Amino acid sequence: MNERMEGEREDAQERQSVTRNYYSSRPKTFDTMLGGYTQVHDTDIQESNQLLQALFKQYNGKLGSAHCLELGCGIGRVTKNLLSRYFDRIDINDLLEDYCEQTRTLFENDENKIDRSFACSIGELELDKFPKYDLIWAQWVLGYLNGDDLVGLLRKLKVTLKKNGLIVIKDNCVANRQEAEFDPDDQYYVRTGEQFYDIAHRAGFTVVKDQCSKLKKVVRELLPIRIFVLAIK
Ligand SMILES: C[S@@+](CC[C@H](N)C(=O)[O-])C[C@H]1O[C@@H](n2cnc3c(N)ncnc32)[C@H](O)[C@@H]1O
């Protein structure tokens with residue numbers, strides 16, 4: 001059995017309730033979504049744009065643009081500024097129902113853009129069990145699950161991905177040769193690169209792209225951020 005990390009609550013429900021309190025006691029702003037570093041928003045979106053363009057080019061027509069799922073969408077920062085430009089329809093998820101609603105209101109003039117909203121933990125998602133999504137975007141959210149639960153989630157997502165579908169993970173990741181960390185404030189696991197690879201492999205995925213984000217160049221105090229693109233093995 002794994003040793004508990006410092007500040008880690010005993011079970012998923014307890015961790016979730018700390019996380020929920022953390023977000024509900026803060027304003028619904030980009031600053032909250034970005035841990036106090038609003039200044040990284042533009043660069044974040046710009047590099048994610050470049051990534052998506054590169055993926056569409058690389059997959060040369062095999063990566064579809066019909067339907068995307070976004071995990072931990074927050075207040076729709078990425079949904080609106082990135083994903084809505086590439087995908088016809090987007091299913092959204094967030095632990096907080098308010099956030100899902102706020103995201104939906106960003107598309108009042110484009111009512112069909114947001115399809116289903118899943119207001120629940122990523123660990124409790126009940127998704128359609130057929131290949132539906134061309135791409136699944138998970139930015140700064142997978143650290144809310146422990147390793148085994150994350151493997152379980154990825155296995156569940158595998159069934160929902162279309163042939164050639166991809167999962168993009170953009171997340172904090174400790175520097176090489178550093179130990180994994182845990183943020184007790186919002187109960188977030190910050191993993192090592194090796195842990196991400198191990199989790200992906202256990203769930204039946206292969207990492208087809210692994211790149212360092214530029215965000216640390218904008219704000220030096222940030223943890224390193226990595227982008228992993230996963231494809232079904
Ligand atoms: C750091 S914010 C990032 C939001 C968004 N991805 C972005 O980049 O702007 C983390 C988000 O994950 C959500 N969240 C926290 N725990 C979650 C869970 N177990 N399942 C789904 N969403 C969760 C929070 O409510 C919050 O909106």
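**Close-up views of a predicted model**

**View 1. Opposite Q211 stands I227 of strand 9.** The model is a predicted one, in which local features need pLDDT of at least 70 and side-chain atom pairs count only at pLDDT 80 or more, while totals for chains, interfaces and linings use all residues. Residue numbers start from 1 in each chain and follow its written sequence. Strand 9 covers residues 225-232, and strand 8 covers residues 205-212. Seven bridges join strands 8 and 9 in the antiparallel sense (two strands pair if DSSP finds at least two bridges between them). Strands (E, at least two residues) and helices (H or I, at least four) are DSSP runs, numbered from the N terminus. Strand 9 also pairs with strand 5, again antiparallel and over seven bridges. There, A231 of strand 9 has L166 opposite.

**View 2. N164 and R177 both have a positive phi.** Most residues other than glycine have a negative phi. For N164, phi is near 70°, and this residue belongs to strand 5, residues 161-172. N164 counts as partly exposed because 14 C-beta neighbours lie inside 10 Å (buried means 20 or more other C-beta atoms within 10 Å, exposed 12 or fewer, partly exposed in between, with C-beta atoms placed from the backbone). The phi of R177 is about 70°, and R177 is not a glycine. R177 sits in the loop between strand 5 and strand 6, the latter at residues 181-183. With 8 other C-beta atoms within 10 Å, R177 is therefore exposed.

**View 3. Strand 2, helix 5 and strand 3 form a right-handed β-α-β unit.** Right-handed means that, with the strands pointing away from the viewer, the path from the first strand over the helix to the second runs clockwise. Strands 2 and 3 run parallel and are joined by four bridges. Helix 5 spans residues 97-105 and contains T105. T105 has 10 C-beta neighbours inside 10 Å, so T105 counts as exposed. Between the C-alpha atoms of T105 and P27, which are 78 residues apart along the chain, the separation is 17 Å.

**View 4. The shell around the ligand holds 21 residues.** M33, G72, G74, L95 and S121 come nearest to the ligand. Two or more shell residues come from each of helix 1 (12-24), helix 4 (77-86) and strand 2 (89-94). Helix 1 gives the most, with three residues. The shell has eleven nonpolar, eight polar and two charged residues (Ala, Val, Leu, Ile, Met, Phe, Trp, Tyr, Cys and Pro are nonpolar, Asp, Glu, Lys and Arg charged, the others, including Gly, polar).

**View 5. Helix 4 has buried residues that pack against other elements.** R77, V78, T79, L82, L83 and S84 are buried in helix 4. Their packing partners are helix 2 (30-33), helix 3 (41-59), strand 1 (67-71), strand 2, helix 5 and strand 4 (133-139). Contact means C-beta atoms, placed from the backbone, within 7 Å.

**View 6. The chain has eight helices and nine strands.** Its radius of gyration is 17 Å, close to the 17 Å given by the globule rule for 233 residues, so the chain is as compact as a globular protein of that length (the radius is taken over C-alpha atoms, and the rule is 2.2 Å times the number of residues to the power 0.38). Of the 233 residues, 34% count as buried.

Conventions: A residue is near a molecule or strand if its C-beta atom, placed from the backbone, lies within 6 Å of it. Two residues are in contact if their C-beta atoms, placed from the backbone, lie within 7 Å.
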